[in-house]
Each structure stands twice: as structure tokens, then as C-alpha cells.
There are 2 protein chains.
Amino acid sequence: MKSFVEYSSSTDFPIENLPYGVFTSAKNVDKHIGVAIGDLILDLNVISHLFTGPLLADKQQVFKEDKLNAFMGLTKAHWSEARSTLQSLLDVSNPTLQTDAALRQKAFLPQSEATMHVPADIGDYTDFYSSIHHATNVGIMFRSKENALMPNWKHIPVGYHGRSSSIVVSGTPIHRPYGQTLPVEGAAPHFGPCRLMDFELEMGCFVGGAATELGQRVTAKEAGDRIFGFVLMNDWSARDIQKWEYVPLGPFTAKNLGTSISPWVVTAEALSPFLVDNYPQDVEVFPYLRHDDKFNFDINLEVDLVSEKSSVPTTITRSNFRFMYWTVKQQLAQQTITGCNIRPGDLLGSGTISGDTSDSYGSMLELSWKGTKPLRLHNGEERKFIQDGDTVVLRGFCKNEQVRIGFGKCEGKLLPAVPFEG
Amino acid sequence: MKSFVEYSSSTDFPIENLPYGVFTSAKNVDKHIGVAIGDLILDLNVISHLFTGPLLADKQQVFKEDKLNAFMGLTKAHWSEARSTLQSLLDVSNPTLQTDAALRQKAFLPQSEATMHVPADIGDYTDFYSSIHHATNVGIMFRSKENALMPNWKHIPVGYHGRSSSIVVSGTPIHRPYGQTLPVEGAAPHFGPCRLMDFELEMGCFVGGAATELGQRVTAKEAGDRIFGFVLMNDWSARDIQKWEYVPLGPFTAKNLGTSISPWVVTAEALSPFLVDNYPQDVEVFPYLRHDDKFNFDINLEVDLVSEKSSVPTTITRSNFRFMYWTVKQQLAQQTITGCNIRPGDLLGSGTISGDTSDSYGSMLELSWKGTKPLRLHNGEERKFIQDGDTVVLRGFCKNEQVRIGFGKCEGKLLPAVPFEG
């Protein structure tokens, strides 16, 4: 497949990818839906009339929206037709866009001139805890090697409801939060700036398909029709605040201070060449969680830390999405098993994705092993947790001999705490 | 104060109340905002042009919306002007509505002819755990009398993020869910219908005011401007599912099966005659949680259980909102202390509101003390938890010698589980 749009072979966004996002620009202050191709954005608002396939001909309006929810709310067949149409329109053999200079002029803009936005109204955001190495590491640190995994962990894709409002797009800075902590067990709690600020290397999955009714289940076997696509996600975490607040109802203010996502939603279809075997589950799961097909992906994940003292990034971890013990289908089945209704645009977080070696862990908590093993940055600085002024950059890509499908980046800078004046 | 609308002295909705809701009717299939007065609804869409006060004259559009978010997003001063305008328009001495037969005909309809809806788009829903008697009871049951309250409980208004999509309006039936449980400690988990289905007597608070920015805190002292109003709430809970799933990230599918709220939002201003002293807090809290003014309310709360075998309800508990240890201002301050942004229409659940006597507990778990003390219904039936076909009705009202301010009811019927066919 070859596009008339020229791009480098190392681009994240070849014609085989075509991720969706929402952008504005100096010329277009209203949010438009676009598709990334090379270094450009193809503005779907401008070319919505070209979606003339049997399913989308009377649904062109979804490409004129200021968010992806309506498009996500269609079916897998619609998404597939949209992809085919876009691949055809961008193909080097297709004159429609290529030779219409006026239309091309309106329809393309450089990504460097665009401001990206959260791509959908996220009605509900759920965060899971599905990487076995992460759960094991945390269990060892806070309990013991023998009891690292909780008894429910291999039976349930454990998850919890997160905060939708504080999900922000890559590039949005995050302030170090104030909060309560318990520095000394049994002593009085302390109020002040978080001292153990962390990132979490996650991926987010956007749910698609029509909204379900309250009481309706979506089993793992049915869930495939409802997986629209994926983004990178940094679930910023205030570890010391979390530790004091989370019993018995789970993380709350330690997580709602901001969750960063990458702007381009890479579709499940684009990722299909990178399907790999599901993680072996050595405990048989209940039927609602069973599916026979592969739904694990070989996605390389990397995290760079950029200190304010040096513009050169240090790659602090290399992990992979394939370390997920639970598939996204299983997560969605768990989400809905008691009848919880879902809506297009809902976001499922994977949980921290840690690999099986100490250089592939997905958080500073694990990489520095609770601060006992500081990381060394390329300029000699050390890090146990994230410091003020640090920028954390998540990257993700799939690669085989034919093609590279990338996610772009999910970046966020940690700003100093805003002093509390009560 | 006397209205030209006639109503009984026992109405929940006198001219001193004027709660807001969203309704449709056979005549109006589009959602309109209305105000309850006696047995009627005043349709604000029809009379939006009568909001001619200095603040609302150019904001009349908020009354033409299909939800309350835009109105909630104004300020306390706007809400107060709206209330004054409505009280004036409904006053027996005011001819505007009273003598305009055509307008009256369009503007009023009986509540019995209306279908009520969830009154706002709830961007995020947070549930707290703020009743000391409830937290103590649960602590005694699952730990011990000595360690009933967790160490953080008197320092933090403990809360967690809940599910927005599954918040439904009073009258919506709820299906008994399927889910995983662990009937025997240490044995294999079980999958099947929930066996310990419970209600939770709560109140919900709708947040108002302009949306805040990520990173912005709202202290308890500042929170008063952001409390729009209150509803009754039944936080249906699958106790056996909750027990197995909630470690370590908190309740998830045990709660997202449905949360019922009453349709009429009673404003904080209407409740102001019923302000009472805050619950005495015997541990000094951090400055962000401090406020000197009263923000506790004397709201009588009752729960009726109606068995399918008898249409006569049994009142199974009588509690009061004043048992809340933490105020709603403190809850909102906690929600935002790490910089979490809030939006008008956000909902804060109080947590189960249990009184200090065994007949004032807010859940079957407590009323039947984990099933050890069955309740007896008026027809001789017994209940440890909620049975299929049971209808749970929450009612709430404030009352003094001058006036009664009521919440209407929050009702839901538990339907049998839909068999799982995996």
C-alpha cells in the first residue's frame, strides 16, 4: 500500500495506520475530526462527503462532529468501511484527493500547526490492574512474595472507576498535588506537597458500538465488536497520598489530579497484524470471561524522562502491551457483568504495564523499587520518583518487516506544587 | 408565603421548596426543565421569558435546555434570583401567571402526567462514606469494635469514584446482578446471581458553579458557592460481589449495576431553614477541610420496603441527614484537594446515612446485622436482604412549624436476575 502523501519509513502514521483525533488550528478554531497520515492531518470535516460507501453514505455527519463519540457509536463494519475509504482516498493510484488541488489545500494541514484535544467525551473511565508483573511487584513490595497476588486477581480483571473530568491530552502540564499522607505509621497524618510522584505506563482503550441498556451484559466473546481503538495513557499517581487514602474504597485523590492520553486513537483494525497469543492464564476463568481468539497485541512501549537540566531524554523503561494478563475483551466483560451500561467513548485503562525484567517496569515505584534503587539519567542525575520540571514521555509502536504502526507520544511535564493558602 | 396553586399542607413541594427537575409528557416529548409546586409542574421552558431579573435576563436560555447543567453552571446569585422570580410568579398576589389563562394552560401540568428523567448530565459521580455510624457498623462487622474506624476515617472524607452511566431516575427497575463471589473463604469463587442484594440510603448533592480548571482547589470555605442542591439516592449494592472484588481498588461491579436518584433537586437555599450544627468532629482537620458555618441539615429520611406479596409498605428504617460526620463542603474540598477539576452536574453521594440506633440504619446489611437479625415486614414476611420483587422507596423531608420541604421519593423495584447464557 502506498500513499501519495510522502512520509518517512519511520513515521508512526503510515497509510496502514490512520488513527483518529480531534484538532483545532489557527485557521480552524472549531474542533474537527482528523486522521494522521505521515506528518499531516487529513481533515475529515472537509472530506466527509467522500464517505460514500454503503454504510457511511448516510452517516457522513459523524465526521462533522467535534468529537469521535458518534463515529465510535457506529459498528465495527462502519469503522472498517471508513478505514477502507480513507486508504483508498490516500492511495497513490486514486486521483480524487490527489489531483484536486483546491480540496487538498483545504483538507490537509501539518500536524505541527494543529492543537490536539481529548478525542471523545469520556462518559466513564475505568482503570484496570491487568499486568501480572505490575500486580506482583506491588504485592511483593507491600505484602510478601508468597502473597503477592490477591486471591481474586486471577479470577477477576480487577478494576475501579476513575475520574473522567481530569483526563487530559498529551502536552498538558500536571501540577504536583498537595494532599494528606502518613509519613510515620501510627503517627499523625501530614498535609503538604506529594513527595512520591509517579507515572504509570498504561494504554487506554476507547469503547465503541451503540450504548447498551442498564442490565445488559457484554461477554468477552461479544466484546470484540465494541473495541474501537487504543491510546497511550499516563496515569499520574501520588503514591504517598494513595497509600493513606485508599483503604477501604480504593484510590481517589491520588489519581484524579490528572491522567494524560495521547491524541491519536489507533484502531483495533490497524493493530490486527500485531495480534499475538493471549497471556497464558493458569486459572480457568468463568465463561463470561472466556474468548478463544487472540486479543493481545505486540505493542512496544517506552518511557522517556526529560530533566529540566538537560534536553536529552533518558529512556527509563521498555515494556510491551503483550504483558497484559487480561485482555481488553475480558475487561469489558467484567465491567458489564452486573449489568453496567456502557456508552461509546468510555475509556478502559489497562493498568500499569510492567514487563518481566527490572528494566521493563511501568512505574518509578517499581523501577526504583520503592525508592531503594535510584535510576541514573544520562547526565548523571538520579531519580527515585518524578521531580518538578521532569517531562515524562510515553511512546508506543508496533513493527514488523512490512510496516510500523505508531501511537505518537503521550507527554506531560510535572510542574511544582501551587502553594496552599487556606 | 402563599401560592395561587392550591396544595395540601402535607405536600413535599410548597412554594418554599421549588425543586428543579427534567420531564417529558405525552404533549411534550422533548425534555423540559420544570419546577414542582404542589401536585403540578411549572414548565420553565414555557415561562423562560419571565426570568427578567438583572442576572437572568440574558441567561433565559438555560431554562430552555433539556438538562439542568447550564443553570447549575451559573452562580449562587443566579440560583437565588431564579428562586425569587419563581416565588414571585407563583405568589397569590402576582397576576402575571395567575390571570393569564392561556399561559397557565401551557405552563402547568400535573406531575401524574409527566415522566421524570435524570435531571443533569452527570459528568462524574463520586460516592463518599461520611456517616460515622455506618462506617462504625461496617467496621465492627468486618473487623472489630476496637478497630471499627480505619485510621484515616476522621482525617479524610473517604470517598471513591463511581459510575455515572448507571445512575437512573426513580422508578427504573434494577435487575439482580450475576457476578463472582467467594462463598467459602479460601475455596474457589462462585459465579451466579447475587445472594446479598442491598439498598443504601444516601443523599446525592449536585455540584454547581462554573467548571474549575485542572489543578484548582476548592476549599471547604469556598465550597458553599458550588452546592446546587440535593436528591435522595439509593446506591444499590451487591454485598457478596463487593466483598470478593473490592480488594485492593475498591467497589466496582457491585455498585455499577444501578444507582437510583429522586427526580427533584431541592436547592441548598430551600433547605437553609433546616441548617443544624455540624456533627462534632473530635479530631482536628487540616485547614482545607475547615469551615466555620453550619452546613448540616435536619432532613428526615425513611425507607419503605414493599413486598410483591402485599401492597402495603413497611417502613424499615428512619434516619436523618444530620448524622453525616463530614459536610458536603468538606467532601467537595477533598474531591479537589489534589487539583481534580469539577463540572456543574457532578454528583456527590453522601454514603449510607445510618443513625445511632438499630432502627435508623441505612442498609439491610446493618438493619439485619449481616443477616443475623431478620426484619419482619407488616405481613409477617422476613427479610435479611432485598428479595426479587421487592420495591425499595426512599423518602426525605424537612419540617418545622411553618413549612415542610420534601424530596418526593426515590423508588426502585428489584427484578429477578436475567439468566446468564454464556
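Predicted model: local features only at pLDDT ≥ 70, side-chain atom pairs only at ≥ 80, totals over all residues.
A pair of aromatic rings is described by the distance of the centres and the angle of the planes. Over all chains, the count comes to 44 aromatic pairs. One of them joins Trp153(A) and Tyr325(A), a tilted pair with 5.1 Å from centre to centre and 55 degrees between the planes. This pair links distant parts of the chain, 172 residues apart. Trp153(A) belongs to the loop between α5 (132-142) and β7 (159-161) of chain A, while Tyr325(A) belongs to the loop between β21 (314-320) and α8 (328-336) of chain A. Are these two residues buried or exposed? Both Trp153(A) and Tyr325(A) are buried.

Tyr178(A) and Phe191(A) make another tilted pair, with their centres 5.5 Å apart and their planes at 50 degrees. Here the partners are 13 residues apart, with Tyr178(A) in strand β10 (residues 178-181) and Phe191(A) in strand β11 (residues 190-193) of chain A. Buried means under 20% relative accessible area. Tyr178(A) therefore counts as buried at 13% relative accessibility, and Phe191(A) counts as buried because its value is 15%.

Aromatic residues also gather in a group: Tyr20(A), Phe51(A), Phe63(A), Phe71(A), Trp79(A) and Phe228(A) form one cluster. By class, the lining of the largest cavity has five nonpolar, two polar and two charged residues.

The second largest cavity has a volume of about 50 Å³. Which residues line the second largest cavity? From chain A come Gly215(A), Arg217(A), Ile337(A), Thr338(A) and Gly339(A), and from chain B come His175(B), Arg176(B), Pro177(B), Tyr178(B) and Val418(B). They divide into four nonpolar, four polar and two charged residues.

Open spaces come next. The second largest pocket contains about 1300 Å³ of space. It is lined by 42 residues, and the closest to its centre are Gly123(A), Arg343(A), Asp121(B), Ile122(B) and Gly123(B). Elements that give two or more residues to the lining are β8 (167-169) of chain A and, in chain B, β5 (114-117) and β8 (167-169). The largest share, three residues, comes from β8(B).

Finally, the UniProt record, an unreviewed entry, carries a "binding site" annotation for Tyr129(A), Arg143(A), Gln242(A), Tyr246(A) and Thr352(A). Of these, Arg143(A) is found in the loop between α5 and β7 of chain A. Because its relative accessibility is 38%, Arg143(A) counts as partly exposed.

How values were computed: Residues numbered from 1 in each chain as written. Chains lettered and ligands numbered in written order. Heavy atoms only, no water. Phe/Tyr/Trp six-rings, centres within 6.5 Å; stacked < 30°, edge-to-face > 60°. Helix = DSSP H or I, 4+ residues; strand = E, 2+ residues; numbered from the N terminus. Buried < 20%, exposed > 50% of the residue type's maximum accessible area, 1.4 Å probe, protein only. 1 Å grid on protein atoms, 1.4 Å probe; cavity = no way out; pocket = protein on both sides within 12 Å on 5 of 7 lines; lining within 4 Å. Points joined across faces, edges and corners; volume = space filled by probe spheres on them. UniProt positions renumbered as here; feature names shortened; annotations may be inferred. Nonpolar A, V, L, I, M, F, W, Y, C, P; charged D, E, K, R; others polar.
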